Amino acid sequence: MSKFIIFSGFWLISFALNAKIRIVELTCDYRTNPIGIGHLQPVLNWKISSSQYNIIQTAYQILVADNLRDLKQDKGNIWDSKKVSSSASIQHAYAGPQLISGKIYYWKVKVWDNQHTTAWSAIADWRMGLLHTSDWKGAKWIAYEKLADSNINVLPTDGKKDKFNANNILPIFRKSFKVDKQVKNAVAYISGLGQFEMHINGQKTGDHFLSPGWTKYDKEALYVAFDVTSQLKKGENAIGVLLGNGFYYVPPVKGRYRKLKSAFGYPKMICRIHITYADGSSTDVVSNPSWKTAPSAITFSSIYGGEDYNANLEQQGWDEPGFKDDKWKLALSVDGPALKAQREEPVKVFEHFSPKQVNAVADGQWVYDLGQNASGIIELKVSGKKGDTVRIIPAELLKSDGSVTQKNIGGPSYFTYILKGGGTETWSPRFTYTGFRYLQVKGAVPSGKAHTSGQPLITSLKGLHIRNAAAKVGSFSSSNTLFNKTYDLIDWAIKSNMVSVFTDCPHREKLGWLEELHLMGSSVRYNYNAAPLFKKALQDMKNSQLENGLIPEIAPEYVKFEWGGDMFRDSPEWGSSGILMPWYLYQWYGDQQAITDNYAMMQRYIDYLGTKAQHHILSQGLGDWYDLGPHPPGVSQLTPMGVTGTAIYYYDLIILNKMATLTGKKADALKYAQLAKAVREAFNKQFFNTQTKQYATGSQAANAMAVYMGLVEEKDKAAVIDNLVKDIRAHQNSLTAGDIGYRYVLRVLEDAGRSDVIFDMNSRSDVPGYGMQIEKGATALTESWAALPTVSNNHFMLGHLMEWFYSGVGGIGQQDDGIAFSKIRIYPQVTGDLSFAKTSYNSPYGLIATDWKKTGQSFEMEIDIPANTTAILYLPAGVSHKIEEESGAEFQKIGYASGRAKIGIGSGHYKFKVN
């Protein structure tokens, strides 16, 4: 039987005398036990786990110590917050004495709850990075060679001819050093541009790929830190470092693909290894011109064009003690950019894909089908004679004859391996990646196939998926097979474009087009704990912002596109990520610091937009990019220029008003509110037809954005939404909105309770959309709605339905006044032929999960609400329906509206049944 309670005291009444709580998932700056914190106020978070109901934290105490002994005795010799009355378990900035570079700090937290229970967490830690230039202890940037100043180009213009054509040396470095005493701990701080791989005593350090994250290198570079204690030994040791080009230098080599021609300099590195001995003494090994350097066996490497490796150039033991490096040259001391600690997760290797099929094609070549289009590299295992050469060409699509095509992703881009002979050789590229499903092999024969040519034998060829290591925090499945496939389709595009930046595609451009951040941000956040990567994107915007305040469409801005004037540099729907993302980070994670850190950038950008507005209307840019009009996709076809740009301008002002109010900037808040009012009036005067209740051409994008941004007068809102639905129905339940408009179409329909329309639009495969892409064989979201073979088939920008899977079908969202999901809204959209859906999101406060099923005349729903939060549940039920909670948990019936029963619940596991 259900138990009802008095709502006024609901959240704080104690129901269990012996509730148990555990403090779990302690993080520092969103990461678990991070190394290399580069600022003085690390942010500490924790979660509360309990099987009891209605648990709310009432107070906490944080202890920080520089030794485990004190902390185990509940002493914080560095900082003791004392008991603080607060329910917040997130965003607690360290507030003790100044932290010291390189030092490790241990911390734990004690929590009191509303059930008179207390608990200590386990101990966590963080290690500081190098806070000041002097902390590098004289380490120098070193290189094999220096790029001539006349050839440096930090912002190339697309289409300009090369000043020169030449490959560059991909160097290796080494340094021997002695360890004479017992090592207590050792930490390496290192940056290598464009990317590095570090070895100590012959073993790779860490499991990163393409570290450090790429940046606007004329402004800053990132460094990473590794605990290398276990890699050191008593006596002679050796450090070895390989360098790749990355975006730091795209080699101008004819015959290899490149989208752009950035040339910040030739590869270079800087390193400090700090060794602390058991007796308390310490020493440093730092990069300087005494290090030795030589060319590596990597003979070509480009972030776009692939990588070549000649195994005959390997120098056995080059990264081990005792290696004779007398023929190597001394490293060259060079200048380098300012350094900052990398805060986002590194890129790593994840899934391995073995071939589903291997087919012969013309000229004795072979095509491997890995079955999944993904960002990645290859792993080749091959045996043959010294000097045999294997070339592998990656691609997303096939020609009619079964061979690969690179027309849609840019080519030639390939991997080449030259064998040294003498058994099975294993190789993977180190400093490039691309997007592919198919691999075409030239110069070798797959194992198990007829082998009469004397060519090398491939015993294994796999694809290794690479992506940012942000933890997975969401899941979704339902009774609708097409929806499940669509979830996977979008997820693979997210994963394939989540590296050091959020890219558009993993092959042709690999650029951080900014509209994706605010439009696809919710879809990403429901699935991955990517807050640090979003914050890194904001730093990239700050570094790329122009003197006049413009935030360009790409950040880091590595190229200036001049085709069509400045339409590919100045589009408000793109640059507005600089304003919207700090607000979204606050809404989703409670991260107010993101607003504070980026406020000046936001002010400069909104001022810039004001200079471009004509009578408050912004008409520049790309508009609703890739909408479905009568012509091939590109610049907006169905929605006139000025609609999307002005709508986003107005929304920027509304959000800026909220952020200024939140941070106590009253004058700014008033200014933005007044300007927003003027923009709203101008927008409606310019675009709204008071007779037809349509905006501009009545396109899906125009009407949806006007509603979502709050530009529509309340009295006209229902009519405009009705026009949106009529347009969709008139197009036989198909979409026409593009990159900018489609998210708002979905948001408006869901908010209006019209998920039936969303279902109808997205449960078919005979019109452009997700179903058509899957029907055509796509395994990752494609650039165009119709999965055109002429454009990218692994693209990030159109995956907005992912958000609806979580917020609509799964029903997981926030109440209007909720921050970081402390006040949860559960509103499942039971529509179409859906008979069940299972959804989960590990929020900043803990796991939120819904599992509903519809059978005959009943509706059942299991719900998990994390400790330290409350929720409002909207069950599909009327006054005449019987509602039961089968585990006997207390809940509060608040009322009924719009065919829903509104129910208040606290933390815990619930199982509701509606008859």
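1. A helix crossing is called left-handed if the near helix is turned anticlockwise from the far one by less than a right angle. In this predicted model, the crossing of α2 and α16 is left-handed.

2. Helix α2 spans residues 481–496 and helix α16 spans residues 801–809; their axes lie 9 Å apart and form an angle of about 125°. The two helices, α2 and α16, are therefore oblique to each other.

3. Which residues make the contact between α2 and α16? From α2 come Phe483, Thr486, Tyr487, Ile490, Asp491 and Ile494, and they meet Leu801, Met802, Trp804, Phe805 and Tyr806 of α16. By class, the residues of this contact between α2 and α16 are nine nonpolar, one polar and one charged.

4. One joins Ser211 and Pro212, with omega about -5°; Pro212 is placed in the loop between β16 (203–204) and β17 (221–227). Another joins Gly411 and Pro412, with omega about 5°; Pro412 belongs to the loop between β32 (404–405) and β33 (414–418).

5. Tyr30 is not a glycine, yet its phi is positive, at about 70°. Tyr30 sits in the loop between β2 (22–28) and β3 (35–37) and is buried, with a relative accessible area of 11%. Gln91, likewise not a glycine, has a positive phi of about 60°, and Gln91 is found in the loop between β7 (84–85) and β8 (92–93).

6. On cysteines, the count of disulfides is zero, where a disulfide requires a pair of cysteine sulfur atoms within 2.5 Å. Cys28 is buried, at 1% relative accessible area, and Cys505 is buried, at 0%.

Technical notes. Residues numbered from 1 in each chain as written. Predicted model: local features only at pLDDT ≥ 70, side-chain atom pairs only at ≥ 80, totals over all residues. Heavy atoms only, no water. Buried < 20%, exposed > 50% of the residue type's maximum accessible area, 1.4 Å probe, protein only. Axes fitted to C-alpha atoms, helices over the stretch in contact; angles between N-to-C directions. Helix = DSSP H or I, 4+ residues; strand = E, 2+ residues; numbered from the N terminus. Parallel < 35°, antiparallel > 145°, perpendicular 65-115°, else oblique. Contact = heavy atoms within 4.5 Å. Nonpolar A, V, L, I, M, F, W, Y, C, P; charged D, E, K, R; others polar.
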